[in-house]
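Please walk through this model with me, one local feature at a time.

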Amino acid sequence: MGIGSLKPKVLLIFIITVLVNNYAQTAGPWELGQLYITPKWETTEKANVKGMTGILYESLPYKGKRVQVFAYYSAPEGEMPKGGWPAVVCVHGGGGTAFDKWVKIWNEHGYAAISMDLEGHYPIKDSINGEWQRIPTENPGCERVGTFLDFELSVQDQWYYNAVAHVVLAHTLICSFPEVNANKTGITGISWGGILTSTIMGVDKRFKFAIPIYGCGFIPNSDGYQGQNIKPGKHTETVLKYYDGSAYFKNVLIPTFWINGTNDKHFPMASTQKSLQSVKGRVTIRYTKEMIHSHKAGWEIEEIYAFANSIVKGSEPLLNLNKTKVQKGTFSVSVSKPDKVEQVQLLYTTDSGIWNQRQWQATAAQLKKSKIKATIPDHATTVFMQVTDERGLMVTSDYVEIK
């Protein structure tokens, strides 16, 4: 269901403008007073998809020129709940764009959703001089330049600065729609979108939950593809000062759900673990053995929607694992609601060194009352517990390195 001809009401714009005064006016290099006011927007038939509303909304000017961001938006079909639909902002990764399918999946789970293109394109391609290329919008702004390779430019001219603004303004926009419950919004991002989510959840404090997938903080100096592309000196200093989630994790009080694979080439588990240990809100983790790196693999994880539902709909939460302990060759972790546990196992590696090159194996674990225990295999260097509930939904503990 699209918004059709509905436009944000003057009253709503006034309310949001007033609410701006309740927030700090700056976070890092961003002037939040600019980003919490509903942007000008219009509908467009370009890249038309049945059931979706195509939107062009204005973002911060780039080098003095007007910028319009393309996005797909839709709300679920059926009777709207009291107070409006909960909503999610979907942030794509490298090579991605505005995804109507991603919006539809969230619609099917009972959420309004918006997915925007962060590099000035419509989500369509055309053959130009025999090569398939993306079609830019009429007012595109800037594109990503490698891994923060535009760091020598002024901050306002760098892609990441503008991408964060695009996302926060998309959040402001979706909150202005009358069918959306502005008090029940979340953010999720995949790969580069996960990096952005890690930053934005500490910048835009209006979100009620955040789900970074693959991407995280503590990227510079990590042994993944991203970290190795960020060189020492001003490159690293710029990323850590303005952009990396680690600069903002102290502000994150909301529940977060961190998803990554054991062998992800872009984002090592060590960076994910440092990130989830640095935020202040409740943390849920899902480390998946040899998880594929793609948008599709990211948004198809059913635990994502169960997690969101537990926050804004009050439904059954995912299992909670905490108090990991290593003692006398045994690894243990406590679990909430042990009567809901269906399967447990220990994941371990005997390797060390580069994270994505480590080989992982599984071995048996046992549930006793509210504790899950497993014998640590000989020569294991790192272990974590994987637990599945009666719904088939899986979470993990954080990993522990064996001394």
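Lysine 63 sits in the loop between strand E4 (53-58) and strand E5 (68-74). Helices (H or I, at least four residues) and strands (E, at least two) are DSSP runs, numbered from the N terminus. This is a predicted model: local features need pLDDT of at least 70, side-chain atom pairs count only at pLDDT 80 or more, and totals for chains, interfaces and linings use all residues. Residues are numbered from 1 along each chain as its sequence is written, and side-chain values use heavy atoms, with hydrogens and water left out.

Lysine 63 is not a glycine, yet its phi is positive, about 55°. Lysine 63 is exposed, at 56% relative accessible area. Buried means under 20% of that area, exposed over 50%, partly exposed in between (1.4 Å probe, protein chains only).

Tyrosine 214 lies in the loop between strand E11 (209-213) and H6. Its phi is also positive, near 65°. Tyrosine 214 is buried, with a relative accessible area of 0%.

Now take helix H7 (residues 234-243). Its buried residues are His235, Thr236, Thr238, Val239 and Tyr243. They cover an arc of only 165° around the axis, so they lie on the same side of H7. That arc is taken from the directions from the helix axis to the C-beta atoms. Exposed Glu237 and Lys241 are on the face turned away from the buried side of H7.

What do the buried residues of H7 pack against? Their partners are strand E2 (30-31), H4, H5 and helix H6 (225-229), where contact means heavy atoms within 4.5 Å.
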